[in-house]
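Student: I'd like to go through a structure with you, one question at a time. Could you show me the sequence and the model?

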Amino acid sequence: MADEKLAKLKEAVGGLAQISEIEKSGFLSLVARYLSFGIDLTASALDRAGKLNYSGDEELIEWAKIHTPTDEVVVPYDTLESPPEDIEATKKLLDKLAVLKLNGGLGTTMGCTGPKSVIEVRNGFTFLDLIVIQIESLNKKYGSNVPLLLMNSFNTHEDTLKIVEKYANSSIEIHTFNQSQYPRVVADEFLPWPSNGKTDKDGWYPPGHGDIFPSLMNSGKLDLLLSQGKEYVFIANSDNLGAIVDMKILNHLIHKQNEYCMEVTPKTLADVKGGTLISYEGRVQVNEFKSIEKFKIFNTNNLWVNLKAIKRLVEADALKMEIIPNPKEVDGVKVLQLETAAGAAIRFFDHAIGMNVPRSRFLPVKATSDLQLVQSDLYTLVDGFVTRNSARTNPSNPSIELGPEFKKVGCFLGRFKSIPSIVELESLKVSGDVWFGSGIVLKGKVTITAKPGVKLEIPDGAVIENKDINGPEDL
């Protein structure tokens, strides 16, 4: 049954002119691994399958064999040696590095069109502006040549090519390449949607950031970096403002010859998502365990990887990461997309480690509530680096929950004359038609709720501390 389905799928994929032979081969290999689990291929079963991950060449994990990693496997950041201080030695280290940002995501969840990396974060600068400024200031300071690579998806490719033109006069080398484009599979027929009448972009999907390793190789960028004497690539999400080049980490990896390093950070109650690192039968690997008590760290998706090791493993077709089935319904059609994650590759690299880093290295902007944090007085911006205000004594950031009226960036910005001071805020919950004046200070636990159909305006200069506000009378 599975062989028959795969043969039909293979025939249909062969006729797709929009993608390369390499992409076809990668897609079919992923599907063949997925089918090897003997999965029920009915649409309802595929819905259930979305809750499971499949690996292909490993047994089910035995709980008794799981160990919390030691400090040798997950190295505490504060035990790292200081990097060399003289400029020439630092330049030598930096000349072995390339920075790669995952730039395949759209800003649609925040109400923006185009790549998410062009959303303005602070002082008129976008994510991409800040990334370019950071690398420029590093290269200028040390006379180094750290290049920037952007891995786009077919969704962001064209826009990104136009956007990077504005950096034509910058002193950094910018390379762009595309991750693979795979066809979504119609669940009922188990055939590629593009060969079934779906001709627009919705018929396709980018197969997760685990695809970064073959795509880096297939694009020719991996060989280019190796020819320039680069040894490591620092990979991070373009929306993580904390993911900056760190000399202590780079110095450690080069001296210890670790082929792969995953930055992890202590979990808080808000961090249910994000895999944790475990030691299992002598190797370090990622798992999606949710327990905060047993698993106290999680993957930030900041990864440092040795380029020669990537080449060796991709050429040997050895990166068989867990497959993440992602069933969706698009335009009323149930489709399946199979994905992999870059973090899951950790178990294939030699001397792979985790690095338990400060929380400051994980500052993602996934929603307008995150944007409020980074645009407030809680942070300052210097040379493209977003730095936390030392006046805040609480190591955790305030929790901010904004209602649907604030979901889109345009609406969010329109509702604040200026972003309130939140240095002493613990939590903020806003719901309903609420508008903020300028110079507002929020402290402690604050809840602001506009009654249905009523516009609630918070006046200029208001100082609100530990209050529930349901109308002007509570101010």
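**A tour in questions and answers**

Tutor: The UniProt annotation "binding site", from an unreviewed entry, covers His-209; UniProt positions are given in the numbering used here, feature names are shortened, and annotations may be inferred rather than shown by experiment. This is a predicted model, where local features need pLDDT of at least 70, side-chain atom pairs count only at pLDDT 80 or more, and totals for chains, interfaces and linings use all residues. Residues are numbered from 1 along each chain as its sequence is written, and side-chain values use heavy atoms, with hydrogens and water left out.

Student: Is His-209 buried, partly exposed or exposed?

Tutor: Buried means under 20% relative accessible area, exposed over 50%, and partly exposed in between (1.4 Å probe, protein chains only). The relative accessible area of His-209 is 26%, so this residue is partly exposed.

Student: Which residues does His-209 contact, leaving aside its neighbours within four places in sequence?

Tutor: His-209 sits in the loop between strand S11 (204–205) and helix H7 (212–218); helices (H or I, at least four residues) and strands (E, at least two) are DSSP runs, numbered from the N terminus. Contact means heavy atoms within 4.5 Å. With neighbours within four places in sequence set aside, the partners of His-209 are Leu-102, Met-151, Asn-301, Thr-340, Ala-341 and Ala-342.

Student: Is Asn-258 buried or exposed?

Tutor: Asn-258 lies in the loop between helix H9 (247–256) and strand S13 (260–266). Leaving aside neighbours within four places in sequence, its contacts include Tyr-232, His-252 and Asp-350. Its relative accessible area is 7%, so Asn-258 is buried.

Student: How are H4 and H5 oriented to each other?

Tutor: Helix H4 (residues 87–94) and helix H5 (residues 127–142) pack at about 135°, with their axes 9 Å apart. Axes are lines fitted to C-alpha atoms, for helices over the stretch in contact, and angles run from 0 to 180 degrees between N-to-C directions. Angles under 35 degrees count as roughly parallel, over 145 as roughly antiparallel, 65 to 115 as roughly perpendicular and the rest as oblique. H4 and H5 are therefore oblique.

Student: What is the mean pLDDT of the protein chain?

Tutor: pLDDT is the predictor's confidence in each residue, from 0 to 100. It stays under 50 over residues 56–61 and over residues 289–294. Of the chain's residues, 87% reach 70 or more, and the mean pLDDT is 89.
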